[in-house]
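Please read the following note alongside the sequence and the model. The points take helix packing and then the ligand site.

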Amino acid sequence: MNREKLIEELRAISVEGKDVKEIYIEISQTCMKYITETKRKRTVKNAYYFSIEFLMGRAIYDNLLKLGILDDVKRIFAKKGFDLNSLEEVEDAALGNGGLGRLAACFLDSAAAQGYPVHGYGIRYRYGLFRQRFANGEQVEEDDDWLKWGDPWSERKESETRLIRFADMPPVKAVPYDIPVLGKTNNTLRLFQAEGSAEAEEISKYLYPADDTEEGKLLRIRQEYFFTAVAIGELIDQFTCKNGKNFKQFSEFNSIQLNDTHPVFAIAEFIRILTTVHGVPFYRALNYARDTFNYTNHTILPEALECWDEKLIEKILPEIAQILKSLHVYSQRKWRREGCSQEEIEDMSLLKNGRFSMANTAVFVAKKINGVAEIHSEIIKQKLFRTAYKYSPDKFTNVTNGVTPRRWLRLCNEELAKLYDSNLGLRWRFDMTELTEINTGNKHTIEEFRNIKTIKKEQLARYIEQREGIRLLPNAIYASQIKRLHEYKRQLMTAFAILYLYYELKDGNLPDFTPTVFIFGAKAAKSYRRAKSIIKYINEIAELVNGDQEVNHLLQVVFVQNYDVSYAEKIIPGTDASLQVSTAGYEASGTGNMKFMMNGAVTVGTLDGANIEIKEAAGEHNNYIFGAKVEEIEALADTYNPMQYVEQHPKVKRVADTLIDGTFEDDAGGLEELHTALFKGASWHKPDNYAVLFDLESYVDALLRVNRDYKDNRLFAKKQLVNATHSAFFSSDRAIETYAKEIWKIVKA
Ligand code: 26Q
């Protein structure tokens, strides 16, 4: 790339009479002219990341950073009277729900940054994750029309369109859109758009349509098959062009990572093409698949483990159903031969009660299977896939997640990055382990860090005031819980903790309380009623607390609307305490926890997911660990009765009672339903299934420890700084390096 010429061309852009969108498109398109994909060497192995979600966020600042021209462009446009920060109006590309989709984005970033040939395959949804606003404290969803900003960072490749066939409709066109991923090598994220008819367009219209109706399920299956089938078709054609039908070599040039089970149809499609188009015998095709595919598990929640009705798949993909069945029969025979018991065979079965288990299929075929944090990988070995682990222990491995330090440090916290530069020079940018060389005992450094934290908190306060019209308390502890709304993540427990503190303050039991602001950001799935009730409840609590003259100088609650990647980039650097309070055993890893750590927040968290590794890296005394451990949670199943528990813990009872005692308006009965779920159980859940009441007092205690420690400003800032400087392990550069070496066996370009 010719940097000078690019800058010259950017300098020539006139802003006169143009709106933000026009300027955005012009800058982006100009850059795109100078970006070329690093030529793919067909002689080396490439890896492909198959994911039904890519939560990329805003591209412009990130790309300018990677082109090495961000500061120049800021300066050039400032001179023209255009503040580059205005581009913050540009909405995120939100083609993902949460953790799994954002991880995919961080991984592509880290692969390119280090020069690994890794490319993404996914779906170009017409509408991304819904936009959220609150009306009377309740979530309202609106279509995310992200294309209204144009899509200057992708290139439509019409000529590479392929056809995908379903039995019950005319062939669907899959049109690729290529998005460059910049770094040491420029890789590609290729997203497919479904075209050809109104019916075809439905396939790529929405991210995750409801899957609780027959129609919804069919659409979901179509999405999964749609993008994986095009990708597999492409990869096989590219391979045969070069190597003919010597498929034994396929895995010498290609490794495929299945991001959870959503792309598992890729396995069946691969075998289908090899057997039916190229005449490869089934068992050989299976062996080639085994050398090619790897599977990452991201969740152990039973309701999130995909099982598809055999009948449904037969209806729209009869050949694929046939192959999945053959895999089932083949696996049964193999296990019997190997002497597995009937019970074990049942446990690993690919077809159960007329439904295909996508996870068991992935486990049976994949070469490597990984969890996303140490504890999670242990849980999948000991529980979820214990039988498969017993027979094939070598297949299983762990790769703890990571997050990209480009977006989650340099871009969102350039002040902290500059502090590192001035202490260490630029080396840390390529090797974050260098950060441990910063002397965290040095008074001056701690003071500098504290100033930066203050600046980031002020910036955040301004931003929230502008977006939500709420003025945050200055000089307060900022404690944030930002993540998808789910019962296991226990936003409800934070709500209870706030009310607990509120009543303690009212009763005069907390004389030295440091003012604290609780910041929430979360979207609840459209059809997840209980999650929506929790949003409503927190908004009710916010109204009560923020409106109470007696305490509102000490306690404040803000639930921001439409939490997304760009909002996270503001909240994370401006946070003192990161709330990571999932029920032990449920959060596979968490990645928000890592972003907070990297920006110098202490973790108030349970021993779950990557919190455990964060605590180990930064030291237990620099974090606030509380709550029941996995074994203790498991033991509760037999002994714990919430009704009895609250009788012995009256302060817990008092806050739980607010769900039903008229403290808050509950016209729709959502709060009462939460109460029922806690004390009587609901659907397949036992009472207080996520131990919200059980862990509450230990949570409040942890929050009060933060509250006390914060009084010694310097000591607290030091804890935060130690977290930040020990976060190298949680860079996705490390995670990608591990995938590259241990799973994909690829080398840097
Ligand atoms: C399941 C069945 C039918 C339709 C959809 C689904 C479905 C959809 C989304 C199942 C799972 C997901 C998303 C899971 C996810 O985001 N998991 C998160 O992955 C992160 C990256 O590894 C982890 O850090 C989080 O702990 C984990 O919750």
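In a left-handed or a right-handed crossing, how does H20 pass H21?

1. H20 passes H21 in a left-handed crossing, where left-handed means that the near helix is turned anticlockwise from the far one by less than a right angle, and right-handed that it is turned clockwise. This is a predicted model, in which local features need pLDDT of at least 70 and side-chain atom pairs count only at pLDDT 80 or more, while totals for chains, interfaces and linings use all residues. Residues are numbered from 1 along each chain as its sequence is written, and side-chain values use heavy atoms, with hydrogens and water left out.

2. Helix H20 (residues 491-506) packs with helix H21 (residues 529-546) at an angle of about 20°, and their axes are 10 Å apart; the axes are lines fitted to C-alpha atoms over the stretch in contact, with angles from 0 to 180 degrees between N-to-C directions. H20 and H21 are therefore roughly parallel to each other, given that angles under 35 degrees count as roughly parallel, over 145 as roughly antiparallel, 65 to 115 as roughly perpendicular and the rest as oblique. Helices here are DSSP runs (H or I, at least four residues), numbered from the N terminus.

3. Helix H18 (residues 414-424) and helix H19 (residues 443-468) have axes 9 Å apart and pack at an angle of about 160°. H18 and H19 are therefore roughly antiparallel to each other, and H18 passes H19 in a right-handed crossing.

4. For helix H7 (residues 214-243) and helix H9 (residues 265-277), the axes come within 8 Å and cross at roughly 45°. H7 and H9 are therefore oblique to each other, and the crossing in which H7 passes H9 is right-handed.

5. Turning to the ligand, 18 residues surround it, and the closest are His 298, Asn 401, Glu 587, Ser 589 and Gly 590; a residue is counted if one of its heavy atoms lies within 4 Å. By class, this shell has 7 nonpolar, 7 polar and 4 charged residues, and helix H5 (residues 99-114) gives the most to it, with 3 residues.

6. A polar side-chain atom of His 298 lies 2.6 Å from an oxygen atom of the ligand, and an N or O atom in the side chain of Asn 401 is 2.8 Å from a ligand oxygen atom. For Tyr 488, a polar side-chain atom lies 3.2 Å from an oxygen atom of the ligand. The protein covers 85% of the 610 Å² of accessible area (Shrake-Rupley method, 1.4 Å probe) that the ligand has on its own.

Definitions and conventions. A polar contact is a pair of N or O atoms within 3.5 Å; within protein, one must be able to donate a hydrogen and the other to accept it, and residues adjacent in sequence count only if both atoms are side-chain atoms. Helices (H or I, at least four residues) and strands (E, at least two) are DSSP runs, numbered from the N terminus. Ala, Val, Leu, Ile, Met, Phe, Trp, Tyr, Cys and Pro count as nonpolar, Asp, Glu, Lys and Arg as charged, and the others, Gly among them, as polar.
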